[in-house]
There are 2 protein chains.
Amino acid sequence: MALIIQKFGGSSVADTERLFRAAEIIARTFREGNDVVAVLSAQGDTTDRLIAQAAAVNPDAPPRELDALLATGEQASVALGAIALKKLGLEAVSLTGWQAGLLAEGPHGSARAARLDDSRIRAELAKRKIVLVAGFQGINAEGDIATLGRGGSDTTAVALAAGLHADLCQIYTDVDGIFTADPRVVPDARQKQEITYDEMLELATLGAKVLHNRSVAIAKRFSVPLEVLSTFSGRPGTMVHGTPEAGGNAVCGAALERKIVRIAITGLEDTPGAAYRIFALLGREGIAADMLQASMSGGKTRDVVFIVPEKDRRRCEALLRENREALRFEEVAVRTDLAKVSAVGVGLSGNPAVAAQLFSAFFDAGIRIHMAATGEIRISVLVDEADAKRALRAVHAKFFP
Amino acid sequence: MALIIQKFGGSSVADTERLFRAAEIIARTFREGNDVVAVLSAQGDTTDRLIAQAAAVNPDAPPRELDALLATGEQASVALGAIALKKLGLEAVSLTGWQAGLLAEGPHGSARAARLDDSRIRAELAKRKIVLVAGFQGINAEGDIATLGRGGSDTTAVALAAGLHADLCQIYTDVDGIFTADPRVVPDARQKQEITYDEMLELATLGAKVLHNRSVAIAKRFSVPLEVLSTFSGRPGTMVHGTPEAGGNAVCGAALERKIVRIAITGLEDTPGAAYRIFALLGREGIAADMLQASMSGGKTRDVVFIVPEKDRRRCEALLRENREALRFEEVAVRTDLAKVSAVGVGLSGNPAVAAQLFSAFFDAGIRIHMAATGEIRISVLVDEADAKRALRAVHAKFFP
């Protein structure tokens, strides 16, 4: 008998039919003799609907109150889940974040799961009940409901798995698992049987969107065995763990991020900390700059280039222009219509042949490269938006022939 | 400066416009220098919608889970209320039942407000915050959410007023206050300035539907001054308190209850406790029999007659037939299409002239009376459903000429 945590996302519980499909997976796991704690998200677009309702009342809603409002979505899901399991003849108990003992810290709207008081969950499991826990929410030191931010139900599941020392944490979603690339863009992408936490973290950050990266970071920290699998297909998923695949490919997958903007700052005064001040300013405002590159130091000025997501462009430009005097640079140039293609893999570390293979893939396909940057376990290349899909396919074909 | 509890029902917070109307009443009361604790119901038909959603999943939903589901409606209302008050420039804090410290006892779905741990509310009031409390819900000894049953937000408001020793408990609704009769049936019904708890209890039980009777009973027990008034008209409402109106009418109001069924049990064995066993059985099943009458004792058998609401008829009949042997009677006869008209007033006690006036009203109007029963402060008369409205108007015209 194992203790298994199962998480079902919003699309997996969107309506009564889907709710029962999730309930049947839970029921099967329980009937196989396991203890089951299931984490449910709000149904379908409930969270977006509640956000819109609050915005109609007051676009500047207090975050504490927005959290109290949004948390109702997951509370309703788990109650309905328990009602569905009863229909299947099983005893389940729904718990809100505070009932489950999930203690949260940090700002409303993006709190983090800090600690688990597992007494209630343990007591219910001891009674052989299936425990359903409302995702995305915890209780803070003030006794208030705090939400964990978007993707927060993944975090809830992994935090429960860590706190309860679960044997497995299954993330049920609407895809079969993690693929070597997005199958909607690369038709011959293959599902991976396994992947390391670090690779998953890079892929999550790079827009694979299957798992929230905060949840992967927690899973890595507490060595929680994760499985990503489909609510609908019944096929085996992808295991995420700490051990690299033996004899595997150097590259584990390729990712594409579209709607990228390159920002070039020219004539920056060449003094110590000049570039740092720019990225510190953007970081404070929550703008994640990537692929930072600076021209060689030595003259009176230098240039700094980086990329940001299109959605942050206006805010980033405005911030830079407002602070031009203080930051001491001459000009900001913006180039839009770009995309970022990345190859990720623990095998990339200290393996220069991979970079050479990557560039040859672009050369062979006649795709122009604007910038390239290498990280510990990834190489990213900036291409024209018009070449985006072709570039991803070329990279994928090179490493997964 | 006073401490005022204000309760707004579902129709008073049904949409954003109405929510702001309620928020403005709260804001005005607060700005006049009072401490304000407001209790909100779920918006519009939210509760009915959630019940239907649960029934679609499982018609036999576990009551604990139904409570967890339904409680989300009020939680959303108070969060939205705090968001609206912020828009009006005021600091409010929304509290769920458990956050407000409302401890509930008894079965899920019809728990009672047993005790208030007022520490959180007091702390928020001390910070000069407006406190919004989710109606209809409390937390039980198991740490579970328990709802107080229909009309439960009235109970929440009165229980908070009692626990906090509030100066006034205002129940905002969609009517102007308590009337001498239902104005939809009796066009010249007049609004009452004041009414006693006992009169209000009889009227609530008899279907005046403005206040839930459990809330009136708590108000009476703890001498909470109640005011019933309109969210929309801005006019003064009706005060409910313990002191009879000086020099007032013997009759305070008239009430009509439709869809009444008369049940006659004939041939009941005339032994001590025979009638008691019948009513104990019905009471255990939650069927409220009224206007009980028994024929004189002395022979071998006797007859017992009483009325029940139409909605309880099938269950009542089935119960009686199933237990015919044990209860020792011969037959059950049912008569439908009846209505009950009542006159209520503390002045009725020991005043036989009122009964005479009532019967003369029916006689003058040519309305046939099937049964009559007198209580401490009310007289009820059973008439044909077809005569219902005419009967109410006749009684009203007699006592409020």
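This is a predicted model: local features need pLDDT of at least 70, side-chain atom pairs count only at pLDDT 80 or more; totals for chains, interfaces and linings use all residues.
I'll start with two helices in chain A. Helix α12, residues 352–365, and helix α13, residues 388–399, pack at an angle of about 130°, and their axes are 9 Å apart.

The crossing of α12(A) past α13(A) is right-handed. Which residues make the contact? From α12(A) they are A:Q357, A:L358, A:A361, A:F362 and A:A365. From α13(A) they are A:R390, A:A391, A:A394, A:V395 and A:K398. Sorted by class, this contact has 7 nonpolar residues, 1 polar and 2 charged.

Now the sheet. Chain A has an open sheet of 6 strands, in the order β14-β15-β13-β16-β18-β17, with antiparallel pairing. The edges are β14, residues 290–294, and β17, residues 369–374. Each of these has a single partner strand, so one side of each is left without a neighbour in the sheet. On average, neighbouring strands are turned by 25° against each other, direction ignored.

One pair inside the sheet: β16, residues 331–344, and β18, residues 378–384, run antiparallel over 7 bridges in chain A. Within this pairing, A:V341 of chain A stands opposite A:V381 in β18(A).

Two helices pack on the sheet. Helix α9(A), residues 274–284, touches β13, β14 and β15, and its direction makes about 130° with that of β13(A). Helix α12(A), where I started, touches β16, β17 and β18, and its direction makes about 20° with that of β18(A).

Conventions:
Residues are numbered from 1 along each chain as its sequence is written. Chains are lettered from A and ligands numbered from 1 in the order in which they are written. Two strands pair if DSSP finds at least two bridges between them. Helices (H or I, at least four residues) and strands (E, at least two) are DSSP runs, numbered from the N terminus. Axes are lines fitted to C-alpha atoms, for helices over the stretch in contact, and angles run from 0 to 180 degrees between N-to-C directions. Two residues are in contact if their C-beta atoms, placed from the backbone, lie within 7 Å. A crossing is left-handed if the near helix is turned anticlockwise from the far one by less than a right angle, and right-handed if clockwise. Ala, Val, Leu, Ile, Met, Phe, Trp, Tyr, Cys and Pro count as nonpolar, Asp, Glu, Lys and Arg as charged, and the others, Gly among them, as polar.
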